Amino acid sequence: MPRDYSLIGPDAQRAVDAGLVTEDWYRTPIDRKQMKALMRRADQPAIRDTSILFGLMAVFAGVGIALMPSWWSLPFWLAYGVLYGSAMDSRWHECGHGTAFKTRWMNQAVYQVASFCMIRDPYCWKFSHARHHSDTIIVGRDPEVAIMRPVVALKVAANLIGVPDMISGFRLMLLHAAGRIDPEEAEYLPPMFHAKTIRTARIWVAIYALTLGAAMWFQSWVPVLLIGLPRLFGCWHMVICGWLQHGGLADNVTDHRLNCRTVYMNPVSRFIYWNMNYHVEHHMFPLVPFYRLPELHRVCAWDFPEPCHSFAEGYAEMLPALWRQRKDPDFHLRRPLPATANPYQDTPAA
Amino acid sequence: MAEWVNACAINDVDEEDVIRFDHGDRTFVIIRDHEDNYYCTDGMCTHEDVHLEDGLVVEATIECPKHSSIFDCTTGEVETPPACENLCTYPTKVEDGRVYVEI
């Protein structure tokens with residue numbers, strides 16, 4: 001069946017008619033006291049990780065600058081790029097949920113910085129991500145579907161170096177700076193936030209103009225290696241993690257166990273990704289902060305499909321499914337549940 | 001006309017927690033803050049139809065379990081989006097170990 005991912009196209013109404021726009025998603029039953037403990041906030045883990053993140057960025061950039069124009073500076077710029085173009089994605093995500101820090105202004109401060117690095121308007125993307133959680137991988141409703149069907153391999157691969165994202169980010173920033181809101185964004189962004197979006201875009205355009213101006217004035221790559229370009233050459237880690245979130249799994253269902261994937265990852269990737277590899281858990285219980293997701297994972301294990309045990313295992317499962325979805329967009333993986341689990345909720349609850 | 005309704009026992013709600021309270025065809029939540037004050041608000045978040053009974057209570061605020069909108073329990077005011085509309089709140093009183101709500 002053909003799919004139209006536009007939020008203002010025919011599939012948007014089709015999703016409503018099919019009862020897919022609903023709050024009745026499946027949730028694993030968890031004792032309230034246990035859930036409260038899992039949702040409890042703390043500042044310390046995020047302060048520690050944020051200090052490490054910005055400290056490493058300063059060190060990598062400093063060494064990179066010091067070693068220029070030698071090629072020895074390259075690995076330091078690549079490392080800086082991953083922190084800028086990938087780690088900032090997970091900071092944007094977790095702080096956007098308001099779960100990273102207990103103290104609200106800290107979430108806000110990191111969210112604003114990370115939004116700038118990712119070229120995502122903080123207001124539009126707040127609402128876009130809320131929609132992603134309401135209508136996860138519902139065609140015509142979810143604005144954050146990373147891999148659309150039928151899968152076009154080249155288009156998906158281009159995201160590895162951030163080209164489509166960067167083009168889209170700059171297009172929308174310039175549109176906002178010109179005082180306009182994209183019609184698709186207007187679907188989920190309340191009018192009371194339009195002025196804030198426009199003001200933010202104008203500030204960002206000024207920052208990028210200053211950066212470009214500095215690069216030309218000093219005849220140096222350093223300003224654009226610090227701001228902007230890392231969004232391209234550093235986003236690959238975000239992308240290879242992000243594809244695993246939902247790739248090859250079901251769409252148009254109301255059970256996150258069917259359309260999200262949990263993958264065990266190495267500690268470095270988990271630091272960069274801020275534990276979003278526990279993706280089924282995150283979607284089902286988005287108020288649980290990143291540092292309690294491993295615990296939530298253990299609590300839910302009886303009701304969840306077996307996670308993938310590594311990147312390699314995740315890709316071995318996903319890639320053949322994506323390949324098949326080039327020609328057969330209805331195909332998707334359906335992983336077995338443990339004997340203890342409640343059955344999948346394939347159709348919306350009555 | 002508004003009336004005082006016996007909603008629950010004070011110990012039905014833990015400290016910094018929330019329970020659901022249905023009355024007639026309406027649904028509410030009873031919230032207890034960190035200083036043992038009790039509040040009653042509409043049960044559904046104003047952003048989407050998500051019940052607040054599974055939300056997170058921190059001091060005198062309640063956070064929607066799905067999209068993290070935070071409301072001030074004392075006034076119903078939205079503190080963080082995506083909700084844009086305030087929650088309706090209802091007067092409460094505690095008598096003889098019971099929480100009463102004026103609905």
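On a 1 Å grid over the protein atoms alone, a cavity is a set of points where a 1.4 Å probe fits but cannot get out. The model here is predicted, so local features need pLDDT of at least 70 and side-chain atom pairs count only at pLDDT 80 or more, while totals for chains, interfaces and linings use all residues. Residues are numbered from 1 along each chain as its sequence is written, chains are lettered from A and ligands numbered from 1 in the order in which they are written, and side-chain values use heavy atoms, without hydrogens and water.

**Exercise 1.** Find how many cavities of 30 Å³ or more the whole structure has, and which residues are closest to the centre of the largest cavity.

*Solution.* Start with the count: the search turns up 2 cavities of 30 Å³ or more. Next, take the largest cavity, at about 120 Å³; a volume is the space filled by probe spheres set on the points, which are joined across faces, edges and corners. Its lining has 13 residues, and A:Gly96, A:His97, A:Lys126, A:His129 and A:Ala130 are the closest to the centre. Lining residues have an atom within 4 Å of a point. Finally, look at the elements: helix 4 (74–97) and helix 6 (122–134) of chain A each give two or more residues to this lining, and helix 6 gives the most, with 5. Helices (H or I, at least four residues) and strands (E, at least two) are DSSP runs, numbered from the N terminus.

**Exercise 2.** Work out the strand order of the open 4-stranded sheet in chain B, and say which strands stand at its edges.

*Solution.* First, the order is 2-3-4-9, with antiparallel pairing; two strands pair if DSSP finds at least two bridges between them. Strand 2 (17–23) and strand 9 (89–90) of chain B are at the edges, because each has a single partner strand, so one side of each has no neighbour in the sheet. Now zoom in on strand 2 of chain B: 7 bridges tie it to strand 3 (residues 26–32) of chain B, running antiparallel.

**Exercise 3.** Decide whether A:Ile167 is buried or exposed.

*Solution.* Begin by locating A:Ile167 in helix 8 (residues 163–177) of chain A. Then check the cut-offs: buried means under 20% relative accessible area, exposed over 50%, and partly exposed in between (1.4 Å probe, protein chains only). A:Ile167 has 55% relative accessibility, so it counts as exposed.

Key:
1 Å grid on protein atoms, 1.4 Å probe; cavity = no way out; pocket = protein on both sides within 12 Å on 5 of 7 lines; lining within 4 Å.
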